[in-house]
Every structure is written in structure tokens, then in C-alpha cells.
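Subject: Structure handover

Hello,

Here is the structure I promised you. Please open it alongside this email.

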Amino acid sequence: MDPADAPARTARNPTLADLVAALAAAAALLPLTIVEVFRAMPVDAGWRVVVLGSFVLLHAAVALRRRSPVGVLVLASVIMLALTAASLPGSPTIAVLLPSSLVYLVFVFTAAASGERLADAAALALGLTGAALITAVAIAHEAADAIVSEPGALITLAGFLVASIGAAWALGRSRLELRRTRAARELAREQAAELRLQREREAAAEERRRLGRDLHDVVSHSLAVMVAQAEASRVLLGRDDVRARAAIEHVVATGRSAMTDMRGLVSVLAVPPGDGEHDAAPMEPSPGLADLPELVDRAAAPGRAVTLEQAGAARAVSPGLGLTVYRVVQESLTNTLKHTQAPTRSAVRLEWGAEVLEVTVDDDGRAEPAVLGRPEGRGIRGMRERTRQLGGDFENGPLDGGGWRTRLTLPLPPSETKR
């Protein structure tokens, strides 16, 4: 049984529509049947009771046709068989051909439209068998001589009976296929909507992760630099006011830069989707390789030396690759400021190869024991994830003899390796 037929199987209890359909069929056909029965001669009260009772039961079964398509079809077939017996030679008329017999087509239609294989096969088999029996009864009845004298009438009767059964069965099958097609379309729409919702959720989750990484990188680095510069200015106050003032200016510049970065990130969260006015607003460009010298200068402080060097022929890279390098260097320098005691010396090195760019950040500071045993934090996970998204390799760990090294190797696309 097809899953698309589940709604039909759950709606088997008689509804108001079923009752109205049964009453409508009875109102249209039963009066004509009663008139024909009472016109039949000679008068036989018992025959009339059997025939009319059978038709009333047949009409009543219409209301129950969807509750059990096979059971009601068999019941209707038994009733039609009884009417066929009441139409044998010697009976007042061919009762099985009275107007109410057309109701049997409703049961054939319902069985074919139910989606049950047994009901579908039974509808066609019992319907065609009934058509053959009715034709045989018509031949055997008292009107056989008239039918034989006009063979076209017999052919017409047989053709009408077979065509009626076939049409009812075909309409039921068409109704079934239409219902299945609608169910399949509805299922496809639901699956497409669910898939679209899932993609939206995944995109939103990825965007949250990206924003989380950027917020962590901006806030953590800026605060670490500001704290380092503030501590240096505190030490230098009264002893070297010029350097102390420079350190304070460095704190102010770092704070302003952090505020600019934060406004850019927060604006992404605050802008409602589809807002044309806000969408059109220019966005601050993401930092890249060209911003590394400024980043190194900000990270430098009294007792915190930072150098930047490059080897090989530098070339233009994609914004994504440039941003990844910038954020990894930023996080590495931030970790040095946060987890080591001054004085320290950090070296940032970019080595350009034919197919890869290798970035190394070394420092000679000794990490606190609590840091060495700590699992990877958000910053390291962010660096590793950024590198993995570009298909690169990431290494991070202590150096023999002290210090720490962060290294990432990023592949350069062929279009970027051409001179």
C-alpha cells in the first residue's frame, strides 16, 4: 500500500459528506426504482419487499463505502447477486436493471480509488462478473425472445454494462493517481522547505562561528596590547615620560582601532536581512597581509619586541587568505602578551613558495605551567578552523628549550602562483 494513501486510510469513518452522498443517490434513484417495482405485474408483495429492501440496503451502504472498501464492495456484490436471482425468468421484471443498480458503480469507483490492491482487483473482477451475470439473466428472462430478435439490443446492453464498470474503475484509478501525485508534490515541497531551512540554519551557525572568531580575535588582541602598553606606561611614568606618553598614545590608538573593528562586526549583527538602506552602506575592508606591519607595531611594547620578515617573492592573494594570515598572526602575538612575562621577543616570518605560503610566529617567552596543561581554547581552535577552511596545515606548540611556535601552511591557487 502506497504511503501517499495514508490520509485516505485515516478518513474511513463516515462523514457528513458520505451521508449526504448516500441520501443524494437515494433521492435521485430510489423513487424511480419504487415506481418501476410497483408497475411490475403481476403483483407479488414478497418480491417487492425483497427487491426494495435490497435497494435500500444498497443505498445505505454508500455511506460506509470508505470505511472498508473491500467489505462494502463484497456486500454490494452480494446484494446485486440477490437482485440478479430476483430477476430470473418468472419474476415480474429484471430487477437488477432498475435505476438504483447504478449505485453499484460508486462501490467500484471507491474500491479502485482506495489504493488497496485487493480492493482494486476485486472491483474490476466482481464488476465484470456482475455485468456478465446481468447479461445472462437478460437473455434468460421472458424478454429473451425480443432480445434475440434484436441482437443489437443485447450487444448494447452488454457493452453498456462493461463500459460502466470500466469507466467507474478507471475514474477511481485516476482519482488515486491524482491523490498520489498531490501527496508526492506536497512531500517534495515539505522536503525542499526542510532542506532550505537546514541550509539556512547551517549558514547562520557558520556565520555565528565566524563572528565569534572575529570578535575573539579583535577583543582579545586589542585588550592584550592595551594592557601591555598600560603596564609599560605605568613603569615608565616619572622615569621616561616621553616613552610613557608614547605607550599611552599606543593604548589610545589600539582602543580606537578595536572600536572600529567592533562597530563593523556589530553592524553585521544589527542590520536586518533584506534592508536595502543598510545593505547599501559601505563595509570596512577586512584586514590582510598589507596590515601586518601595523599589527606588529601595535603588538610591540617596552619589553615586547616583535619583528616581521618575508622570504621569497610576495604576490597578491585572495582576501580570505590574507584575512586568515592576519588573524593567525594576531592571535599568536596576543597569546604571547597574555601568557608570558616580559621581556620577550617574537618573530613573524612569511615564506613564499611556488605553491604554498608558510607563516611562522615564534617567541622566546616561557608559558605559564597552567597554560601548558590547558586544553585548546577558542583562539587556537579558531586558528585551526580558519586554516582548515583554506585547505592548509596548522601547527601550534612549545619549542625545545623554551618558547612557542605557531606555523600554518596555506596552498596558493594556480591563478595566484602565476607571475
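**Overall**

Please keep in mind that this is a predicted model. The protein chain has 15 helices and five strands. It runs to 419 residues, of which 38% count as buried. Take the contacts between residues at least 6 apart in sequence: 74% of them join residues at least 24 apart.

Start with helix α4, residues 69-85. Its 17 residues reach 24 Å from first C-alpha to last, close to the 24 Å expected at 1.5 Å a residue. Its buried residues are Pro 69, Val 70, Val 72, Leu 73, Ala 76, Ser 77, Ile 79, Met 80, Leu 83 and Thr 84. What covers them? The cover includes α3 (45-61), α5 (104-113) and α6 (117-140).

Now take α5 as the partner. The axes of α4 and α5 come within 9 Å and cross at roughly 155°. Angles over 145 degrees count as roughly antiparallel, and α4 and α5 are therefore roughly antiparallel to each other. Their crossing is left-handed. On the α4 side, the contact uses Pro 69, Val 72, Leu 73, Ala 76, Ser 77 and Met 80. On the α5 side, it uses Tyr 104, Phe 107, Val 108, Thr 110 and Ala 111. By class, that is nine nonpolar, two polar and no charged residues.

**Gly 172**

Gly 172 sits in helix α8, residues 151-236. Is Gly 172 buried or exposed? It is buried, with a relative accessible area of 0%. Leaving aside neighbours within four places in sequence, Gly 172 is in contact with Phe 109, Ala 112 and Ala 113. Val 106 is 66 residues away from Gly 172 in sequence, yet the two are 9.2 Å apart in space, C-alpha to C-alpha.

**α11 and α12**

Helix α11 covers residues 292-299. The axes of α11 and α12 come within 11 Å and cross at roughly 10°. Angles under 35 degrees count as roughly parallel, so α11 and α12 are roughly parallel to each other. Leu 292, Leu 295, Arg 298 and Ala 299 are the α11 residues in the contact. They meet Val 325, Tyr 326, Val 329, Gln 330, Leu 333 and Leu 337 in α12. The contact divides into eight nonpolar residues, one polar and one charged.

**α12 and α14**

Helix α12 (residues 319-339) also packs with helix α14 (residues 378-389): their axes come within 10 Å and cross at roughly 160°. α12 and α14 are therefore roughly antiparallel to each other. This crossing is left-handed. From α12 come Leu 323, Thr 324, Arg 327, Val 328, Glu 331, Ser 332 and Asn 335. From α14 come Gly 379, Met 383, Arg 386 and Thr 387. The classes here are three nonpolar, five polar and three charged.

The buried residues of α14 are Gly 379, Ile 380, Gly 382, Met 383, Glu 385, Arg 386 and Thr 387. Just after α14, Gly 391 takes a positive phi of about 75°.

Best wishes

How values were computed. Residues are numbered from 1 along each chain as its sequence is written. This is a predicted model: local features need pLDDT of at least 70, side-chain atom pairs count only at pLDDT 80 or more; totals for chains, interfaces and linings use all residues. Side-chain values use heavy atoms; hydrogens and water are left out. Axes are lines fitted to C-alpha atoms, for helices over the stretch in contact, and angles run from 0 to 180 degrees between N-to-C directions. Helices (H or I, at least four residues) and strands (E, at least two) are DSSP runs, numbered from the N terminus. Angles under 35 degrees count as roughly parallel, over 145 as roughly antiparallel, 65 to 115 as roughly perpendicular and the rest as oblique. A crossing is left-handed if the near helix is turned anticlockwise from the far one by less than a right angle, and right-handed if clockwise. Contact means heavy atoms within 4.5 Å. Ala, Val, Leu, Ile, Met, Phe, Trp, Tyr, Cys and Pro count as nonpolar, Asp, Glu, Lys and Arg as charged, and the others, Gly among them, as polar. The expected span of a helix is 1.5 Å times one less than its number of residues. Buried means under 20% relative accessible area, exposed over 50%, partly exposed in between (1.4 Å probe, protein chains only).
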